[in-house]
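Hi,

Here is the structure I promised to pass along. Have a look at it first, and then read on for what I found.

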Amino acid sequence: MTTERNEARGSEWTIQRVLTWASDDFKKRGLESARLDAELLLTQVLGVDRVRLIVDSKRPLVGAELTRYRSLIQRRRTNEPMAYILGAKEFFGRAFRADRRALIPRPDTETLVEVALDRTRLSSLDGDALDLCTGSGCVAVTLKKERPTWRVTAIDISEEAIALARENALRLNAVWGSRFLVSDLTSALRTEEKFDLVTANPPYIPSSAVDELDVGIREFEPRVALDGGADGFDLIRRVVQQGAERLRPGGVFATEVMLGQAAAVRELLEKAGLESISTARDYAGIERVVSGRRHS
Ligand SMILES: C[S@@+](CC[C@H](N)C(=O)[O-])C[C@H]1O[C@@H](n2cnc3c(N)ncnc32)[C@H](O)[C@@H]1O
């Protein structure tokens, strides 16, 4: 993409040409959705949608646009996730800011929100929700948007993640009635604080498996958001115990798990005194969310 040389030859870098060039480059490097990535990066540079790229396919890029596009291509070549480059990820129909301060919201986690909303629908007018391990705040902010009259507490051990969660709440107009705390799980809460709903998507990947993850995940997403200790259950065990202790009678606890963990987590919920335990599958049919209720 040498601007001067090509312009001198009369073959300008039009939208169509840069897209072909960038998607071929990504394909050669083994990136799966090469064309889509090339297009999304260009929409970011030009501030337009994908339809405009087709309509204006013959429009040449000016020098500054080419420079910016080149720098985004460079980032993608290192396998940096698209959500971090674009600075956004959609979750439950809303656009969340995404950057390296926190895990990128995943579609699987929408199942956690669905379970939480479903199991609390009879008390939908008033309640207190606690989201442990909140990261970008995608679960906490979504709960606040879907249950505007509830009070929501979001907790994360990472100061950076909490800053991002707060930004997301501000952007999505979900600050009123929400609070964001830096804390090792529930340690910053007063002893008497109880909740009608506790959600969590804790780090649950066994330490040894974290190093086997796709390069885009293991090199760019925070390790504290992924690593669940030797067997993957370090945080899950504490989240279940502390979450269950914080429930009011009738309150619901729901946690995300990874493939193969659901049966063991159901037992943990039972031991923590929860009842009506159930498991929900994600869009791929994997047992993804284990939930239970405190009856008394
Ligand atoms: C898997 S990420 C989930 C983020 C977000 N809830 C989501 O679903 O995208 C786990 C989060 O747990 C946080 N975390 C790890 N250990 C923690 C602890 N002891 N107390 C509170 N948060 C913790 C990490 O900082 C990270 O943001």
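One definition before we start: a residue is called buried here if 20 or more other C-beta atoms lie within 10 Å of its own, and exposed if 12 or fewer do. Please also keep in mind that this is a predicted model.

With that in hand, take helix H13. Its buried residues are Val 265, Leu 268 and Leu 269. They span an arc of only 100 degrees around the axis, so they sit on the same side of H13. Ala 263 and Lys 271, on the other side of H13, are exposed. What do the buried residues of H13 pack against? Their partners are helix H12 (234-245) and the strands S7, S8 and S9. After H13 comes Gly 273, which has a positive phi, near 90 degrees.

Now for the sheet. Seven strands make up an open, mixed sheet, in the order S5-S4-S3-S6-S7-S9-S8. S5 (178-182) and S8 (275-281) are the edge strands, each pairing on one side only. From one strand to the next, the twist averages 15 degrees.

Within the sheet, S3 (residues 128-132) and S4 (residues 151-156) run parallel and are joined by five bridges. Leu 132 stands opposite Ile 155 in S4.

H7 (residues 110-119) touches S6, S7, S8 and S9, and its direction makes about 160 degrees with that of S7. H13 (residues 262-271) touches S7, S8 and S9, and its direction makes about 10 degrees with that of S9.

Happy browsing!

Conventions
Residues are numbered from 1 along each chain as its sequence is written. This is a predicted model: local features need pLDDT of at least 70, side-chain atom pairs count only at pLDDT 80 or more; totals for chains, interfaces and linings use all residues. Two strands pair if DSSP finds at least two bridges between them. Helices (H or I, at least four residues) and strands (E, at least two) are DSSP runs, numbered from the N terminus. Axes are lines fitted to C-alpha atoms, for helices over the stretch in contact, and angles run from 0 to 180 degrees between N-to-C directions. Two residues are in contact if their C-beta atoms, placed from the backbone, lie within 7 Å. The arc is that of the directions from the helix axis to the C-beta atoms.
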